[in-house]
Amino acid sequence: MKPAAVLESALYVTDLAAAEHFYGAVLGLEPLGRVEGRHAFFRCGGSVVLLFNAEATRHPPAPDARLPVPPHGTVGEGHLCFAATEAEIDRWKAHLTEAGVAIEAEFEWPQGGRSIYFRDPSGNSLEFANPSIWGL
């Protein structure tokens, strides 16, 4: 057996309100749910981006919790890459620049495909890239 796809990806943020605004207003992701001070979830194509307040997810749930999700989390900046066509990368670059988001790096991969890198308000490294960088 092997997994068919990645259903969800998590990033850990230091300012949940700023992250929620960024992923919703700047990146245009559809909100799916939120718990004040703990998390905000967004739909991204056929998967979900989970944004967690890292400190809040370090604590185990109460013994009588309705959803007894075990503690998880990480410290430091993470990375997430969004798939985009060549034309979409150009449009994203213009959109992000207009929104005041600095493009940290942009390059062509030796095996083909292109990427742009930028940061979210918590310093997570985000990328738009052609799926061809992985032969997809």
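Strands and helices in a predicted model

Student: How many helices and strands does the chain have?
Tutor: This is a predicted model, in which local features need pLDDT of at least 70, side-chain atom pairs count only at pLDDT 80 or more, and totals for chains, interfaces and linings use all residues. Residues are numbered from 1 along each chain as its sequence is written, and side-chain values use heavy atoms, with hydrogens and water left out. Helices (H or I, at least four residues) and strands (E, at least two) are DSSP runs, numbered from the N terminus. On that basis, the chain has 2 helices and 8 strands.

Student: Which residue in β4 is the bridge partner of Leu11?
Tutor: β1 and strand β4 (residues 47-53) pair in the parallel sense over 6 bridges. Within β4, the bridge partner of Leu11 is Leu51.

Student: What share of the 136 residues in the chain is buried?
Tutor: A residue counts as buried under 20% relative accessible area, exposed over 50%, and partly exposed in between, using a 1.4 Å probe and protein chains only. By this rule, the buried share of the 136 residues is 32%.

Methods: Pairing = 2+ DSSP bridges.
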